[in-house]
Amino acid sequence: MDERDIVLNSVLNSVLEELKNKKLITELEKDIISAIKVFLEQPIDRNSVKTKINEIDLKYNTYSDLLMVMPKDSLCTLDELNDVEIRNNLYLRINVLLGRKVKRKEDGI
(Lines give C-alpha, C1' and ligand atoms only; values in the text may rest on other atoms or scores of the structure.)
Protein backbone atom coordinates (compact mmCIF):
# COMPACT_ATOMS: atom_id res chain seq x y z
CA MET A 1 0.00 0.00 0.00
CA ASP A 2 1.35 3.39 -0.92
CA GLU A 3 0.61 6.66 0.86
CA ARG A 4 -2.41 7.45 -1.34
CA ASP A 5 -3.92 4.05 -0.58
CA ILE A 6 -3.59 4.73 3.14
CA VAL A 7 -5.09 8.21 2.79
CA LEU A 8 -8.00 7.00 0.65
CA ASN A 9 -8.61 4.08 2.97
CA SER A 10 -8.78 6.58 5.83
CA VAL A 11 -11.11 8.85 3.82
CA LEU A 12 -13.31 5.89 2.95
CA ASN A 13 -13.56 4.84 6.59
CA SER A 14 -14.26 8.44 7.62
CA VAL A 15 -16.99 8.86 5.01
CA LEU A 16 -18.54 5.51 5.94
CA GLU A 17 -18.52 6.48 9.62
CA GLU A 18 -20.15 9.82 8.80
CA LEU A 19 -22.78 8.07 6.71
CA LYS A 20 -23.70 5.69 9.53
CA ASN A 21 -24.98 8.73 11.40
CA LYS A 22 -26.95 10.03 8.42
CA LYS A 23 -30.29 8.80 7.23
CA LEU A 24 -29.66 9.63 3.59
CA ILE A 25 -26.53 9.22 1.51
CA THR A 26 -26.14 11.62 -1.40
CA GLU A 27 -25.39 10.54 -4.94
CA LEU A 28 -22.03 12.32 -4.71
CA GLU A 29 -21.12 10.37 -1.57
CA LYS A 30 -22.09 7.08 -3.25
CA ASP A 31 -19.90 7.95 -6.22
CA ILE A 32 -16.95 8.88 -4.00
CA ILE A 33 -17.20 5.58 -2.15
CA SER A 34 -17.46 3.51 -5.33
CA ALA A 35 -14.53 5.37 -6.93
CA ILE A 36 -12.34 4.81 -3.87
CA LYS A 37 -13.23 1.11 -3.84
CA VAL A 38 -12.21 0.80 -7.51
CA PHE A 39 -8.99 2.72 -6.79
CA LEU A 40 -8.08 0.42 -3.90
CA GLU A 41 -8.71 -2.83 -5.81
CA GLN A 42 -5.60 -4.96 -6.09
CA PRO A 43 -4.54 -6.05 -8.60
CA ILE A 44 -5.69 -3.14 -10.72
CA ASP A 45 -8.56 -3.85 -13.09
CA ARG A 46 -7.94 -1.41 -15.95
CA ASN A 47 -11.46 -1.84 -17.34
CA SER A 48 -13.05 -1.00 -13.97
CA VAL A 49 -10.80 2.04 -13.59
CA LYS A 50 -11.55 3.27 -17.13
CA THR A 51 -15.27 2.72 -16.63
CA LYS A 52 -15.23 4.61 -13.32
CA ILE A 53 -13.25 7.51 -14.82
CA ASN A 54 -15.72 7.77 -17.71
CA GLU A 55 -18.72 7.59 -15.32
CA ILE A 56 -17.29 10.37 -13.15
CA ASP A 57 -16.42 12.53 -16.17
CA LEU A 58 -19.90 12.17 -17.67
CA LYS A 59 -21.75 12.76 -14.42
CA TYR A 60 -19.62 15.51 -12.87
CA ASN A 61 -17.73 16.99 -15.84
CA THR A 62 -14.44 16.46 -13.99
CA TYR A 63 -12.53 16.22 -17.26
CA SER A 64 -12.95 19.94 -17.89
CA ASP A 65 -11.85 20.70 -14.29
CA LEU A 66 -8.68 18.67 -14.76
CA LEU A 67 -8.08 20.03 -18.25
CA MET A 68 -7.61 23.49 -16.77
CA VAL A 69 -4.74 22.36 -14.52
CA MET A 70 -3.05 19.74 -16.68
CA PRO A 71 -0.31 20.63 -19.16
CA LYS A 72 -1.66 20.35 -22.70
CA ASP A 73 1.24 18.13 -23.80
CA SER A 74 0.30 15.52 -21.18
CA LEU A 75 -3.12 14.81 -22.71
CA CYS A 76 -3.68 11.34 -24.12
CA THR A 77 -6.31 8.63 -24.13
CA LEU A 78 -6.82 6.29 -21.17
CA ASP A 79 -5.64 3.39 -23.31
CA GLU A 80 -2.24 5.08 -23.70
CA LEU A 81 -1.69 5.21 -19.93
CA ASN A 82 0.14 2.51 -18.00
CA ASP A 83 -1.39 1.04 -14.83
CA VAL A 84 0.20 3.59 -12.50
CA GLU A 85 -0.86 6.52 -14.69
CA ILE A 86 -4.45 5.35 -15.09
CA ARG A 87 -4.70 4.83 -11.34
CA ASN A 88 -3.29 8.34 -10.79
CA ASN A 89 -5.92 9.63 -13.19
CA LEU A 90 -8.71 8.12 -11.08
CA TYR A 91 -7.05 9.51 -7.94
CA LEU A 92 -7.24 13.04 -9.38
CA ARG A 93 -10.95 12.64 -10.05
CA ILE A 94 -11.58 11.32 -6.54
CA ASN A 95 -9.93 14.47 -5.20
CA VAL A 96 -12.16 16.64 -7.39
CA LEU A 97 -15.24 14.84 -6.02
CA LEU A 98 -14.00 15.16 -2.43
CA GLY A 99 -13.48 18.88 -3.05
CA ARG A 100 -17.05 19.18 -4.25
CA LYS A 101 -18.28 17.34 -1.15
CA VAL A 102 -16.38 19.71 1.12
CA LYS A 103 -17.69 22.73 -0.81
CA ARG A 104 -21.27 21.49 -0.51
CA LYS A 105 -20.78 20.95 3.20
CA GLU A 106 -19.41 24.49 3.58
CA ASP A 107 -22.34 25.84 1.55
CA GLY A 108 -24.76 23.94 3.77
CA ILE A 109 -26.02 21.69 1.00
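Modeller: Let's begin with some terms. Axes are lines fitted to C-alpha atoms, for helices over the stretch in contact, and angles run from 0 to 180 degrees between N-to-C directions. Helices are DSSP runs of H or I with at least four residues, numbered from the N terminus. This is a predicted model, where local features need pLDDT of at least 70 and side-chain atom pairs count only at pLDDT 80 or more, while totals for chains, interfaces and linings use all residues. Residues are numbered from 1 along each chain as its sequence is written, and side-chain values use heavy atoms, with hydrogens and water left out.

Now look at helix H2 (residues 27–40). Helix H3 (residues 46–60) packs against H2 at an angle of about 160°, and the axes are 10 Å apart. H2 and H3 are therefore roughly antiparallel (angles over 145 degrees get that label). In the contact (heavy atoms within 4.5 Å), H2 brings Glu27, Leu28, Asp31, Ser34, Ala35 and Val38, and H3 brings Ser48, Val49, Lys52, Ile56, Lys59 and Tyr60. Sorted by class, that's six nonpolar, two polar and four charged residues (Ala, Val, Leu, Ile, Met, Phe, Trp, Tyr, Cys and Pro are nonpolar, Asp, Glu, Lys and Arg charged, and the others, Gly among them, polar).

H2 also packs with H5, at an angle of about 155° and with axes 10 Å apart. That makes H2 roughly antiparallel to H5 too. On the H2 side, the contact includes Leu28, Ile32, Ala35 and Phe39, and on the H5 side Tyr91, Ile94, Leu98 and Lys101 are among the residues. The contact of H2 with H5 counts 12 nonpolar, no polar and five charged residues.

There's one aromatic pair by the ring rule (ring centres of Phe, Tyr or Trp, the last by its six-membered ring, within 6.5 Å; planes under 30 degrees apart are stacked, over 60 edge-to-face, the rest tilted). Phe39 and Tyr91 have ring centres 5.6 Å apart and planes at 40°, so the pair is tilted. Phe39 sits in H2 and Tyr91 in H5, 52 residues apart, so to speak linking distant parts of the chain. Phe39 and Tyr91 are both buried (under 20% relative accessible area, with exposed over 50% and partly exposed in between, using a 1.4 Å probe and protein chains only).

Finally, Lys101 belongs to helix H5 (residues 83–106). Lys101 counts as buried, at 12% relative accessibility. Leaving out residues up to four places away in sequence, Lys101 touches Val15, Glu18, Leu28, Glu29 and Ile32.

Terms used:
Helix = DSSP H or I, 4+ residues; strand = E, 2+ residues; numbered from the N terminus. Parallel < 35°, antiparallel > 145°, perpendicular 65-115°, else oblique.
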